[in-house]
Amino acid sequence: MAVTNDSQYKIASKIVATRGVREYRATIEDLVTDQDIVLEIGCEWGTTTELLAERAAHVLGTDISAVCIERGLADHPNLDLRVLDAFDLNAVLRLNLRVTKVYMDLSGLSGYRGLLDLIALINNYATLLRPDTIVVKSGALKHFAQLCQPWGVPRRTPRQEEADATLRGRR
Ligand SMILES: C[S@@+](CC[C@H](N)C(=O)[O-])C[C@H]1O[C@@H](n2cnc3c(N)ncnc32)[C@H](O)[C@@H]1O
């Protein structure tokens, strides 16, 4: 039986929850820089991977479907796309990449039914790869995060809210 301990609270990755592909892709402009090594989990045929590659130092797009990766490589021969099961953590470690950002968009895990599996997976990636940020496409995770208020942690200041509003205005 798994036993939890304090290590699970030492994860430092910021988790950004997005709803829908437009929000998922909109994060790229704000979050990704030319210093980033990005791993996309669930890249399908590489549409978002291509957008990530325009800003990052390197992007590896991965998907469980060999058919998707084949089409992705045909459409984007410039991209590094590989077949990988997101749950095969040994294979993820064998990539031997110093990942700074993870983008995660897995079909079947974006709704409430998949929320516990998704949170467990996010924790695994945060622990194994230690990226500064994990961006997840999941409406359920975003909704759940909006319901959460960590006790004892101050709410965002008016200044932070103002900075966010300015950023939104730029889009
Ligand atoms: C909605 S599509 C991704 C779209 C893509 N991220 C984009 O922005 O264009 C979801 C993808 O998750 C992939 N997927 C589902 N389960 C997976 C798993 N266990 N490991 C890796 N990829 C998986 C599917 O093959 C599918 O291509």
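Predicted model: local features only at pLDDT ≥ 70, side-chain atom pairs only at ≥ 80, totals over all residues.
E44 sits in the loop between β2 and α2, and its phi is near 50°, a positive value in a residue other than glycine. E44 is also one of the residues that come nearest to the ligand.

R130, placed in the loop between α5 and β6, likewise has a positive phi, of about 50°, although it is not a glycine. Because R130 has 13 C-beta neighbours inside 10 Å, it too counts as partly exposed.

## Surroundings of the ligand

There are 17 residues around the ligand, and among these G42, E44, T48, I64 and A86 come nearest. Sorted by class, this shell consists of eight nonpolar, five polar and four charged residues.

## Chain architecture

The protein chain holds seven helices and six strands, which follow one another along the sequence in the pattern β-α-β-α-β-α-β-α-β-α-β-α-α. Among its contacts between residues at least 6 apart in sequence, 61% join residues at least 24 apart.

The radius of gyration of the protein chain is 16 Å, which agrees with the value near 16 Å that a compact globule of 171 residues would have. Along the principal axes, the C-alpha atoms fill a box of roughly 50 × 50 × 30 Å, and 30% of the 171 residues count as buried.

## The largest nonpolar core

In soluble globular proteins, nonpolar side chains tend to be buried together. In this chain the largest nonpolar core has 31 residues, of which V102, I134 and V136 touch the most other members. Two or more residues of this core come from each of β1 (14-18), β2 (37-41), α2 (47-53), β3 (58-63), β5 (101-104), α5 (115-129) and β6 (133-137), and α5, with six residues, gives the most.

Leaving aside residues up to four places away in sequence, V136 touches I15, V16, A17, T18, M104, I122 and L141. Of these partners, I15, V16, A17 and T18 fall within the range of β1, M104 within that of β5 and I122 within that of α5.

## Pairing of β2 and β3

The strands β2 and β3 run parallel and are joined by five bridges; V38, for its part, has V59 of β3 as its bridge partner.

Key
Residues numbered from 1 in each chain as written. Near = placed C-beta within 6 Å. Nonpolar A, V, L, I, M, F, W, Y, C, P; charged D, E, K, R; others polar. Helix = DSSP H or I, 4+ residues; strand = E, 2+ residues; numbered from the N terminus. Rg over C-alpha atoms; globule rule 2.2 N^0.38 Å. Buried ≥ 20, exposed ≤ 12 C-beta atoms within 10 Å, placed from the backbone. Contact = placed C-beta atoms within 7 Å. Core = buried A, V, L, I, M, F, W, Y, C linked by C-beta atoms within 7 Å. Pairing = 2+ DSSP bridges.
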